[in-house]
Amino acid sequence: MKLVVTGPLASGKSLLINRITNGACINIERRGTTIAMDHGVANVDGMSVFMFGTPGLLRFRTMRKILCSGADGIIFVVDSVDPESDARAKLFFREVAFFLPGVPCVVAANKQDVEEARPVDRLRSSMSFLAGLPVFPCSAKTGENVDSMLRTLLYLSMMQWSSVFRKFAEHSGAKNGLSRFMKDLKVEREQAVGYLRRFELRKLLQVQVGDEQFFVKDSVRPFLENPVLIMHR
Ligand SMILES: Nc1nc2c(ncn2[C@@H]2O[C@H](COP(=O)(O)OP(=O)(O)O)[C@@H](O)[C@H]2O)c(=O)[nH]1
Ligand SMILES: [Mg+2]
């Protein structure tokens with residue numbers, strides 16, 4: 001899956017990606033500030049998770065738009081310590097909601113390891129745009145709650161594709177897999193091949209030359225059949 005990590009400057013996006021990917025990531029930065037992106041790949045129970053962190057300076061909007069393209073889920077990071085970042089958080093939230101309408105989002109209430117960190121109810125009253133979103137008190141520094149936030153987002157993201165995923169699992173390996181997939185989902189070839197490409201890129205599938213046959217990766221098959229399994233470690 002492709003996840004985008006966004007939020008205001010210095011909320012901890014880069015450190016969070018570092019934590020989630022176990023250091024297997026790059027940060028294109030200048031003097032400690034991300035100017036292009038962070039990128040890293042995490043492995044969650046055999047599922048590849050491609051993470052893209054955005055620059056937190058308002059002027060890098062175009063870069064954020066590019067990074068958001070095709071994302072399956074959003075981690076929105078807020079700074080639990082610094083109330084001055086709340087107003088900027090609101091601007092970034094509006095922006096990502098515009099780039100990725102309807103895409104599942106979880107909120108990382110980061111820096112909870114710091115003594116002065118505000119609890120979730122105070123963050124909610126200061127940032128009304130958080131209403132209706134799951135907020136996870138967490139720490140990119142200690143790792144507290146990071147895994148459950150990530151798994152919840154993966155679950156929500158996979159649920160959005162559950163009917164497609166079930167058919168991937170069902171017709172995996174069949175000689176006429178694509179035709180069966182098209183028939184069951186009542187979609188044209190172009191759209192069906194679009195789905196194959198999307199999830200081949202995300203390493204859930206292998207697609208044979210000619211597209212007629214595809215194979216679900218063994219390690220992800222249970223999750224495609226039953227996304228809630230990703231919540232249980
Ligand atoms: N104590 C604490 N500091 C953090 C945490 N996350 C990030 N930081 C610090 O906050 C600063 C900004 O973090 P960074 O990841 O660069 O933020 P970004 O601009 O959102 O990418 C750095 O000094 C980090 O070490 C956290 O969970 N706890
Ligand atoms: Mg950064």
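Helices here are DSSP runs of H or I with at least four residues, strands are E runs of at least two, and both are numbered from the N terminus. This is a predicted model, in which local features need pLDDT of at least 70 and side-chain atom pairs count only at pLDDT 80 or more, while totals for chains, interfaces and linings use all residues. Residues are numbered from 1 along each chain as its sequence is written, and chains are lettered from A and ligands numbered from 1 in the order in which they are written.

Let's stay with α7 for a moment. In this helix, residues 177-185, the buried residues are G177, L178, F181 and M182. A residue counts as buried if 20 or more other C-beta atoms, placed from the backbone, lie within 10 Å of its own. Viewed down the axis of α7, these residues fall within an arc of 130°, so they line one face of the helix; the arc is that of the directions from the helix axis to the C-beta atoms. They pack against α6 (162-171), α8 (189-201) and β9 (214-216).

Just after α2, G70 has a positive phi of about 80°.

| α7 | 177-185 | G177, L178, F181, M182 | 130° |

Now to the domains. An automatic or database domain assignment sets the bounds, dividing the chain into domain 1 (2-159) and domain 2 (161-231). Their C-alpha centres lie 29 Å apart. The contact between them takes 13 residues from domain 1 and twelve from domain 2, where contact means C-beta atoms, placed from the backbone, within 7 Å. On the domain 1 side, β4 (47-53) and α5 (146-160) each supply at least two residues, and the largest share, six residues, comes from α5.

Finally, the core. A nonpolar core is a set of buried Ala, Val, Leu, Ile, Met, Phe, Trp, Tyr and Cys residues joined through C-beta atoms within 7 Å. The largest one has 59 residues, of which L3, V5, I75, F76 and A108 touch the most other members. Helix α5 gives this core its largest share, six residues, and at least three residues come from each of domain 1 and domain 2. Leaving aside neighbours within four places in sequence, A108 is in contact with L16, I75, V77, F136, C138 and M149.

Technical notes:
Contact = placed C-beta atoms within 7 Å. Buried ≥ 20, exposed ≤ 12 C-beta atoms within 10 Å, placed from the backbone.
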